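Here's a quick briefing to read alongside the model. Keep the 3D view open as you go.

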Amino acid sequence: MKYVPIALVGLSLIARCTIGFEPAPDKHYNLSISVGFSPAQADMIIDAAIEWQNATGGYITFDGAGQPGGAETIEFMTEKERQPDPGLYGETWNEGVPSVIVVYTSLDDKLFRQSTLHELGHALGLQHAGAGTIMCHGAGCASQHVTCKDVEQLCSVWGCDASKMPVCAAK
Ligand SMILES: [Zn+2]
């Protein structure tokens, strides 16, 4: 398997991600994206990381400096590299850090985006939640974006104040 830094598969994630934010060392993750994903899919993974970052106002931040298996790395692999359970769109192992996330490359863009946001939530320690959240267990009940309820769950795990997060303040 070969991996490339995110900076090489799209605009520099570091430039896109950390503008306006001061990354906190214990809440900062490095992404590693397999070259098995198309450039468009790699961009969707980057966008998903940016969405979590923006939803939390930079409480959690990402860059593209991940090394497979490295500390603080969230590693995205394709289903060809690691087989998820059948019937799932994606799967996260070792919830927390370091994590491996598999997303099926055959998904259409809408499902791919939704699955990537959902699996990133698992990697951040979130469990399944109710309908209308990105952490709902199925594509039919899950939202298309990170919601305030998702950030409230994140803050219940991480001990932050969800009411101060942009996605909740915008309600
Ligand atoms: Zn799930």
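This is a predicted model: local features need pLDDT of at least 70, side-chain atom pairs count only at pLDDT 80 or more; totals for chains, interfaces and linings use all residues.

Residues are numbered from 1 along each chain as its sequence is written.

**Overall build**
- You get six helices and six strands, taken as DSSP runs (H or I, at least four residues, for helices; E, at least two, for strands) and numbered from the N terminus.
- Starting at the N terminus, the order is β-α-α-β-α-β-β-β-β-α-α-α.
- Of the 171 residues, 42% are buried, meaning 20 or more other C-beta atoms within 10 Å of a residue's own, with C-beta atoms placed from the backbone; 12 or fewer is exposed, and in between is partly exposed.

**Strand S6**
- S6 spans residues 99-103, and five of its five residues are buried.
- Ser 99, Ile 101 and Val 103 point one way, while Val 100 and Val 102 point the other.
- In a regular strand, side chains alternate between the two faces of the sheet.
- S4 (residues 73-78) pairs with S6 in the parallel sense over five bridges (pairing takes at least two DSSP bridges), and Glu 75 sits opposite Val 100.
- S5 (residues 90-93) runs antiparallel to S6, joined by four bridges, with Glu 91 opposite Val 102.

**Gly 125**
- Gly 125 lies in the loop between H4 (109-123) and H5 (148-158).
- Gly 125 counts as partly exposed because 15 other C-beta atoms lie within 10 Å.
- Gln 153 is 28 residues from Gly 125 in sequence, yet their C-alpha atoms are 9.3 Å apart.
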